[in-house]
Amino acid sequence: MVSEQKTADASFESLLRIFTVPEGPDSTLTQIEDELSRNLNKFLREHIVAEEKPLREIEKDFSSPVIPEQPEFVSDHTQHLLDTLVSHSVHTSAPSFIGHMTSALPYFLMPLSKIMIALNQNLVKIETSKAFTPLERQVLGMLHRLIYAQNDKFYSQWMHSANHSLGAFCSGGTIANITALWVARNNALRPQNGFRGVEKEGLFKAMKHYGYEGMAILVSERGHYSLKKAADVLGLGQDGLVAVKTDSNNRICPESLQSKIQELKAKSIKPFAVVGVAGTTETGNIDPLAEIAAICQQENCHFHVDAAWGGATLMSNNHRHLLNGIELADSVTIDAHKQLYIPMGAGMVLFKDPSAMKSIEHHAQYILRKGSKDLGSHTLEGSRSGMAMLVYASMHIISRPGYELLIDQSIKKAAYFANLIKQQSDFELVSEPELCLLTYRYVPENVRQAVAVASEAQRADMNKLLNDLTKFVQKRQRENGRSFVSRTRLNPIQNGSLNTIVFRVVLANPLSSCEILQSVLEEQREIAQTDAPTLLTKINQLADKILAN
C-alpha cells in the first residue's frame, strides 16, 4: 500500500506558523542547525561534493522562471537546497582550496549571524538601528585608529558626531572604493564663486566652471577592476582611469606617476585622485605609499589606499611596517570579509578628515534628517544589514594579538610555499610573496634551460604552450575537486614581459597545512605529466629543438 504524499497549503494559518513556530526537533532544518553548531567544517565536508559538476548541469536545476503556485514544506525545500545548491557550492573554507580570498570562518559567527538576522536592523537610519548605529560608528573608529592612530580626544570628539563621519560600512571593496573616489571628486569640484558644486550642477558644468578638459584617477597597472567601475559611475569614463607603470615587484613607479600627472595637466585634465594599492589581488604587493603620499600632497590630489586585501596586516605589530605611509592617505578601503575572517558583505572605507564625507551628504524629510545620526546620509547604499556587529564581535573575541597570529602565520606559510616551489626542479616561482599571495607555474627543468637560450620568437612560442598547460592543469585540478588554485595573467620582467598565465594562491586559511601545500604541487605535477601528454610532448619537442641549436 502506497502512503499518501502530504502537500503544504497556502492558508494564512500555515503562513503564520512560518513566522512564529520553529521546525520540530526531527526536521531537516533543525538537524542542519545542530550540525552547523556542532562542527561547521564537518558539515561542509559532508555536504559539498568533491567532484565538480559542469555548470550547464547545475543550470538545469535552476531553469524554471515560474514562481510556484503550490508551497513546499520547509524540510522538503531544505532537502532540495542540500541536493541542488549546497552540494555543488564552492568549498571556500576547505584548507586545500587555496585560490580564493575567502577563507574559513570562526565557528561563533554562525550563531551570532542568526542574532543579527533575527534583529533585522536597517542601518540607514537610527529609527531602525538604535543600538547598531553607535556600534557601527565605534567599529569605524577602531579601524580608523588602527590606520591613523589619533588620540583619545579625537575619537571622543568625532566618532559619534552627528555632523561628521569617520567612514562608511559597505557591502565590499568595490562600493568602498567608489565612495572614496566619489568624495574625492566632489571635493575637487566643490562649490566656488557662484558654482554650486558638482553634486548639484553635474560634471559638465563643473568642468566648464573649473576649466578642465577631463578628470583622471591614477592607479598602478595592478589596480583592482573595481576602479574602472568607479571611473564609469562617476562620469569620468573608463579612459579616466589612468594606469601607471609598475616595477619588477608589481609596485607603482613613483617617477612614472609624477610624469603621468604632468602629462595630464598639460592637456588640462585634472588628476584629482591617486590610488595606492596595499595588497594587489593578483600578487599581494604593496605600493610605496609614503612616496605616493608626498606626490599627492605636492600635486593637491586626493590619496586613496585600496587596502581591501592587505589592510588587516596593520593588526600585526610584526608586519604593519609593510604598510608604512598608509597613515598619510586621505581615505583607505579595508574588507573585513577577507583577512578579518568575516562572512561576505563587510567592506569599509575610512577617511582621515571627519569632515570629508560632507561633500556627499544627503538628507530626506522622512529619514536622514539634518542633525540626526542616521548613517545613510553618508553612504552610497541605503538599506544595509548590521554586519558591523560581526566585525565588532570578532575584534573582541579574536582581539588584535589574535589577528596578529593569523596574519603572521599566513605570511610565514607563503614564505614556506615559495621556498618549496624553488626547491622543485619543475616549478618556477613567478612573484615573491610580500603578504600571503604568490604566483608560480609548472615549467620542467629542460624547458627552463631552453627558455634561457631561446630567441625572442622561440620564447614567445614556448610561453604560449606553457600558458595552455597552466590553463589545462588549473582547470583539471578544479574539476577533480580535491584542491583548488586560481590563475591570473601577468607580464613578469623575468619572462621578457610576455603575457604569462600563472597559478595564484592565497594562504590566509589557518587550516591550510604545509602537508596540504606539498600535495597541491604533487597533484599539479601529476596532472601535467599524466593528463596532458600531448601538450607536454609539444613543449618538450620545442625545448629539444632550441637546445639542439
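Predicted model: local features only at pLDDT ≥ 70, side-chain atom pairs only at ≥ 80, totals over all residues.
Visitor: Why is threonine 28 called buried?
Guide: Buried means under 20% relative accessible area, and threonine 28 comes in at 18% relative accessibility, so it counts as buried. Threonine 28 lies in helix 2, residues 28-38. Leaving aside residues up to four places away in sequence, threonine 28 touches Ser75, Thr78, Gln79 and Leu82.

Visitor: What makes threonine 488 buried?
Guide: The cut-off is again under 20%, and threonine 488 has 14% relative accessibility, so it gets the buried label. You'll find threonine 488 in strand 10, residues 486-490.

Visitor: What makes the link between the side chains of threonine 488 and glutamate 282 a polar contact?
Guide: A polar contact needs a pair of N or O atoms within 3.5 Å, one able to donate a hydrogen and the other to accept it. These two side chains are joined at 3.1 Å, and the pair is listed as a polar contact. Threonine 488 also touches Thr500, Ile501, Val502 and Arg504.

Visitor: How do you know that strand 2 and strand 4 pair?
Guide: Pairing takes at least two bridges, and strand 2 (residues 214-220) and strand 4 (residues 269-277) have six, in the parallel sense.

Visitor: Why do strand 1 and strand 3 stand at the edges?
Guide: The open sheet has seven strands in the order 1-7-6-5-4-2-3, with mixed pairing. Strand 1 (167-170) and strand 3 (241-244) each have a single partner strand, so one side of each is left without a neighbour in the sheet. From one strand to the next, the twist averages 20 degrees.

Technical notes. Residues numbered from 1 in each chain as written. Heavy atoms only, no water. Helix = DSSP H or I, 4+ residues; strand = E, 2+ residues; numbered from the N terminus. Axes fitted to C-alpha atoms, helices over the stretch in contact; angles between N-to-C directions. Buried < 20%, exposed > 50% of the residue type's maximum accessible area, 1.4 Å probe, protein only. Contact = heavy atoms within 4.5 Å.
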